[in-house]
Structure formats: structure tokens, C-alpha cells
2 protein chains.
Amino acid sequence: MSESDGSASERDTEAVIMEATFRALREHGYADLRMRHIGEEMELTRQVIHYHFEGKYDLLSSFLEYVIDQYEGSVDVDRDTDPRTELEARIDQCLFGPEFEEFTHWDRMKVYHELYTYAQNDEQHREIFNEHYERIRGSIVEVVEDGIKQGVFRDVDAERMGQLVTDAIHAARGRRISLGHDDAPEEARRAIHEFILDPLCIDAEGDRYS
Amino acid sequence: MSESDGSASERDTEAVIMEATFRALREHGYADLRMRHIGEEMELTRQVIHYHFEGKYDLLSSFLEYVIDQYEGSVDVDRDTDPRTELEARIDQCLFGPEFEEFTHWDRMKVYHELYTYAQNDEQHREIFNEHYERIRGSIVEVVEDGIKQGVFRDVDAERMGQLVTDAIHAARGRRISLGHDDAPEEARRAIHEFILDPLCIDAEGDRYS
């Protein structure tokens, strides 16, 4: 399945199947999931699933891409925003996610983190996650580089900072899901601001290190 | 199973069962693991396993505690070490782990991270992980507080810094395992040094923010 081809109605059908997959996963869990469980969660006939996907693995790969697309597509920052504000907006979006009607960001992230752990044994999923990781980290790196160019950020290794911020976000989400630390994203937000963003900014009010 | 009670030979037996569990997990994976697989991986009779553990779940909980004990017990820092050096030693140990004869730190961490993801549905494992998380974070917090008292660290929120460092370590390990980023721990080490430890230190050589 690819987002770029197919008509609008085909994409709608795929979205229906993807949301049915969420409901089926919530009901049966990843390890026990069967194609028929997904069929039971939607009004379209099961044949529609088999028309769109070759099997459970193909469907779950598309599902992973669907979850990632929603997550990545949700960040929308004004071009004129200053680098610090843009960085904060991107970090918040990764930590707290967009709002959805039926399944929350956290329902979606639970599946994301479960598949992430399984990716060690799954080359295709690993590649999807790696591309996603590069895009998320890259979007942080880009803003840091912009800020350095504009003279509002110190001259740091932007790649390395992007990696640290991305790691801190990922781990905080994982702690909320696996350990039940509901305040982990908010705490991570504060820690990133205090220990990474404040020292990054030149002459900013929050610059305790100048 | 508890480390504090039982004779030396009982603890030896338990270690034999635990190492057999590693071999069985490598062979069969977590989801398909059966008690008899563990029996096949050791020279003691299977009855010994049933004598020590009530079932697969009980055994895996003990196994998780065994992996965590090895990991935590491996940090040994001299009392007179200065706070920055001690902090670096603790971070290195968490990132790179101790050396083992048969299974490496990473074989052990693979199991650790897999069980971590499953912990969202498992109250007992979640509690074990939470206690471990508190100890690891606490050991970082303690050194940061020592450094502040000694006047070599800036007066930061030590709890929050401990949490950020622990998160960064966890995520880097996870990336190495799930995404195959072999240099993730080394990169995380550099990022923590550059963006967290250097600004923390007062009048240190590496203090680019003073």
C-alpha cells in the first residue's frame, strides 16, 4: 500500500481497514491477531482486506506506516516562527501527539512501541522505523541548524543534539506506556527545556549558563 | 526466588537455571518458550526447575530480577572518586554493561527490553522494572546532588537530570537493539557529555557555557 497512488476512495477504504486493525489489536493483541479479527471490526466485507493486502504481515507493515504518517503529518509550524518556538512545538507534538476521534495518541503509540521492540527480528519493520527515526531526528536537526545560522543558538553539533532529543522523547513515551509513568512526557518536556534548550539559546531569558 | 535467602548451593542451582533460560530464549523466543525448553538446556533434571519455580511466569519474573541484579551489581565506584568521574562511570556501565562469559550484555539487554515492552500488561513485571528504574535514576541523582554539595556542579534539579540521563541511556540501548544502530550507545555517551555533563560542571575544562 502506498499513500501516493490510488484514488481517494481507495485511500478511504484503506483508512477503514487501518482503524479496524486498531480495534482488532485492542481486542486480541498483536501476537494473537488474525485477519478475520480485523474483518469482524468493520462493515466492509473481508474480501476487501484480501484485495488490498497479501496477508497479515503486509497489512501490519502498512498499519505501521499508517500510524507513523499520522504522527509525522501532525506537526504544522509556521515558516516565520523563531527556532526556539518551532523546536518546542516539534518536541511537544512528538511527546503528546495529535488528537484523534476514536483512538488516542497513546493507543497508537502502544502499538508503535510494541512493533518497535519486535523490529529487532524484522528487517522490513526495522527499515520503516529507521526511516521514521531519521525524519524525526532530521526535523529537529534542521531547526537547530537554522537557529545556529540565525545566531540565536550556540554552535553545537546539531546531529548529536537531534539524536539526544529524539532519544529522550522516545524513552519518555516508553516509560508512560510500559511503566505507567503518566507524567513522563511532561517531565521529559521540562528536562529537555531546562538542560538542552536553555543552554542552547544565546541571550535568552532562560539562559542560566551565560 | 530471593537473593537474600537460600544457601550458596541453592543460589548456584538458580544461576544454572537462569543461564539455561538465556539459551532457551535465544533458541525459542519469549512467546514460544516452554519450561521443557529450559530443561533441555541444562544438565540438571527438569524436576529441579519445578522445585524452584511454580511455573513459567514465576521463572520469568525471577529471570528478570536476575538480569537486573547482574546489571545493577556491576557498577563499582571508589568512594573518593570526584562526582563527574563517578557520573561518567555509572553512565558508561548502563550504556555498555559488564562483560560476561557466555551471553553478552546485549543478549541480556534484548530480553530486558522485550520484557519491558510486555510490562504494560503485566503488573508484577512492571513493579520490578519500576523498582529498577528508581534505583538506576536514584544512583545518578545521588551523584548529581553530591556534586552540587561539593560545589563542582551547578545547582540543578537533580531528580529531573537523573530522569533525563536514564531516559537517554534507555533509548540508546533500545535503538541499538531494535534499529541496529550499533553506535547508539557511544553516540549517546558523547551527547550526554556534551549537552548535559559539560554545562553541569562549574569551571571545568569542558565547560563551554561559562
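In this predicted model, 43 residues of chain B are in contact with 43 residues of chain A, contact being heavy atoms within 4.5 Å. The table collects the interface values.

| Item, chain B to chain A | Value |
|---|---|
| Buried area | about 4,000 Å² |
| Share of that area from carbon and sulfur atoms | 55% |
| Salt bridges | six salt bridges |
| Polar contacts | 18 residue pairs, both at pLDDT 80 or more |

Buried area is the accessible area (1.4 Å probe) that two parts lose on being put together, summed over both. A salt bridge puts a side-chain nitrogen of Lys or Arg within 4 Å of a carboxyl oxygen of Asp or Glu. A polar contact is a pair of N or O atoms within 3.5 Å; within protein, one must be able to donate a hydrogen and the other to accept it, and residues adjacent in sequence count only if both atoms are side-chain atoms.

One salt bridge joins Asp167(B) to Arg175(A), with 2.8 Å between the closest N and O atoms. On the side of chain B that touches chain A, two or more residues come from each of α6 (105–118), α7 (123–149), α8 (158–179) and α9 (184–200) of chain B. The largest share, 13 residues, belongs to α8(B). Helices are DSSP runs (H or I, at least four residues), numbered from the N terminus.

Residues are numbered from 1 along each chain as its sequence is written, and chains are lettered from A in the order in which they are written. Local features need pLDDT of at least 70, side-chain atom pairs count only at pLDDT 80 or more, and totals for chains, interfaces and linings use all residues, while side-chain values use heavy atoms, without hydrogens and water.
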